[in-house]
Amino acid sequence: MSSVRVLVGTKKGAFILTSDGKRDKWTVSEPHFTGWEIYHMKGSPVNPNRIYASQTSGWFGQKIQRSDDGGKTWEPVGSEFAYDGTPGNHLWYDGTQHPWEFKRIWHLEPSLTDPDKVYAGGEDAALWHSADGGQSWQEISALRAVKPNLWMPGAGGMGLHTIVLDPTNPNRIYIAISSAGAFRTDDGGKSWKAINKGLKSLYELPDPDADVGHCVHRIAIHPSRPDVLYMQKHWDVMRSDNAGDMWNEVSDNLPTDFGFPIDVHAHEPETIYVVPIKSDSEHFPPDGKLRVYRSKTGGNDWEGLTKGLPQKDCYVNVLRDAMAVDSLDKCGVYFGTTGGQVYASADGGDSWNAIVRDLPAVLSVEVQTLS
Amino acid sequence: MPVIRVIIPFHLRRLANVSGEVELEVPDPATIGSLLEALETRFPVLRGTIRDFGTLQRRPLLRFFACQEDWSLEPQTTLLPEAVLRGQEPFMVVGSMAGG
């Protein structure tokens, strides 16, 4: 029988939630890496027992942990993230240039074909790659040749937070950075192009149509249609049908188009999910009602999903890496909140349950469907 | 070779899988830098957590205390105090206070 493992990174440690395929009873692990911020954990699609975790701290720096037994035990692997050559400068909040400084790893993306290969997105924004299970890391530095003097930190830092691997083309990778925008390589990282045409940042950039500098919050694809990209931008939900060459807004009837995560149903490539947040100044759901919005038409026609979610006095946020789907039938959808709840739907979003409450603030949620 | 008592913060004890004080043999002349090098050699997982990987500079939110004094701003070539060398006092790596 199938089972599900949910990997939850929080402000104060990591937790692993498990259930059988019914997804109605959950076991919550003891905390791992207590006291550390776990920005992200993700398992290899090739070997689900191989899981990578980003363990970070303002005091003690960055560590990468690796498990080969599904998260029961962990070993620290390499954590030296060096920029290639002279790191160079990026735009600072006051308009001056500021040197690149490594702070942390936001996101780990294991290869689709080799459990020893993994990508890491960091702050200050850069992309690293390991081919030895995380023991050593090399920067894919051509990315930072794309107008880096115009990249600027968002309020949460200048993090490379999204890494999307094209399942049909091993040379194609999408990444996104706050606040630089979205970028694509078609040659395995040797060269990159900005893919921000159609994005409009009216209140964030002096030129709202600029090539780079947009505050992209998250990009998601469905593996069956890797040229179709969905994006939650700072403001606006966007869609591209040509691998990011042009974007169109699909926010339509959302109560607000600000938010962080976006994800795609495992079996329906036109069904997408977002969590509208009131504004960039007020990081909580509109009217104190926590609602996931679902579009079954690839955007523009949104329905609010409320069953099982708090509909009053709810003032949590849902961060960009804190939503994921499983691949069971019906598709499970999961998200974690800064209030420490992880909500799950075992019916594609129609109804929700908190599968754990009162964790530290949730930074990331990933799901593994195990057979 | 002096045996030096070192106290590291909770998070680093967990990371290095040790409890209580760490005792380190540090070659003469024992300095702040050679002590940290000995600590990182014995526990490679601590590389990058106390000092930056590349520059070997103290991470900004960590402090070094010994003999009721703050040694954080001393160059790493500074000799350790006698009481630390004799094992009478520990050398402490401390996470700076934060919180509310």
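Guide: The dialogue below goes from whole chains to single residues. Please keep in mind that this is a predicted model.

Visitor: Let us begin with chain A. How many helices and strands does chain A have?

Guide: Chain A has 30 strands and 0 helices. Its radius of gyration is 19 Å, close to the 21 Å that the globule rule gives for 371 residues, so chain A is as compact as a globular protein of that length. Along the principal axes, its C-alpha atoms fill a box of roughly 50 × 45 × 40 Å. Of its 371 residues, 53% count as buried.

Visitor: And how many helices and strands are there in chain B?

Guide: Chain B contains 3 helices and 5 strands. Read from the N terminus on, the elements run β-α-β-α-β-β-α-β. The radius of gyration of chain B is 13 Å, close to the 13 Å given by the globule rule for 100 residues, so this chain too is as compact as a globular protein of its length. The box filled by its C-alpha atoms is roughly 35 × 30 × 25 Å along the principal axes, and 27% of its 100 residues count as buried.

Visitor: What share of the contacts in chain B between residues at least 6 apart joins residues at least 24 apart in sequence?

Guide: In chain B the share is 58%. For chain A, the corresponding value is 50%.

Visitor: How should I read a nonpolar core, and which residues of the largest one touch the most other members?

Guide: In soluble globular proteins, nonpolar side chains tend to be buried together. Here the largest nonpolar core has 104 residues, and those touching the most other members are A:Val8, A:Ile175, A:Ile219, A:Tyr334, A:Val342 and A:Val365. Take A:Ile175 as an example: leaving out residues up to four places away in sequence, A:Ile175 touches A:Gly121, A:Leu127, A:Leu143, A:Leu160, A:Thr162, A:Ile163 and A:Phe183. A second, separate core has 23 residues, including A:Phe60, B:Val6, B:Leu24 and B:Val26.

Visitor: How many residues does the contact between the chains take from each chain?

Guide: The size of an interface is often given as the accessible area lost when the parts come together. Here one may count residues instead: the contact takes 13 residues from chain A and 13 residues from chain B. On the chain B side, the largest share, 4 residues, comes from helix H1 (residues 10-16) of chain B. By class, that side has 7 nonpolar, 5 polar and 1 charged residues.

Visitor: How do I read a sheet, and what is the order of strands in the open sheet of 4 strands?

Guide: Strands of a sheet pair through backbone hydrogen bonds, either parallel or antiparallel. In this open sheet of chain A the order is E3-E2-E1-E30, and the pairing is antiparallel. Its edge strands, E3 (27-28) and E30 (362-370) of chain A, each pair on one side only. Strand E2 (residues 13-20) of chain A pairs with E3(A) over 2 bridges, and A:Thr18 has A:Thr27 in E3(A) as its bridge partner.

Visitor: Which strands pair with strand E12 of chain A?

Guide: Strand E11 (residues 118-123) of chain A is joined to E12(A) by 5 bridges, and the two run antiparallel. They form a hairpin with 2 residues between them, and the bridge partner of A:Gly121 in E12(A) is A:Leu127. E12(A) also pairs in the antiparallel sense with strand E13 (residues 138-139) of chain A, over 2 bridges; there A:Trp128 stands opposite A:Glu139. Since 4 of the 5 residues of E12(A) (residues 126-130) are buried, this strand is largely enclosed by the rest of the structure.

Visitor: A:Ser130 is found in that strand. Why does A:Ser130 count as buried?

Guide: A:Ser130 counts as buried because it has 22 C-beta neighbours inside 10 Å, where the cut-off is 20 or more. Apart from neighbours within four places in sequence, A:Ser130 is in contact with A:Lys117, A:Val118, A:Gln135, A:Ser136 and A:Trp137.

Visitor: Lastly, which residues of helix H2 of chain B are buried?

Guide: In H2(B) (residues 32-42), the buried residues are B:Ile32, B:Leu35, B:Leu36 and B:Leu39. Seen down the helix axis they fall within an arc of 95°, so they line one face of the helix. Strands E1 (3-7), E2 (22-25), E3 (62-66) and E5 (91-95) of chain B are among what covers them.

Terms used
Residues numbered from 1 in each chain as written. Chains lettered and ligands numbered in written order. Predicted model: local features only at pLDDT ≥ 70, side-chain atom pairs only at ≥ 80, totals over all residues. Core = buried A, V, L, I, M, F, W, Y, C linked by C-beta atoms within 7 Å. Buried ≥ 20, exposed ≤ 12 C-beta atoms within 10 Å, placed from the backbone. Contact = placed C-beta atoms within 7 Å. Nonpolar A, V, L, I, M, F, W, Y, C, P; charged D, E, K, R; others polar. Rg over C-alpha atoms; globule rule 2.2 N^0.38 Å. Pairing = 2+ DSSP bridges. Arc of directions from axis to C-beta.
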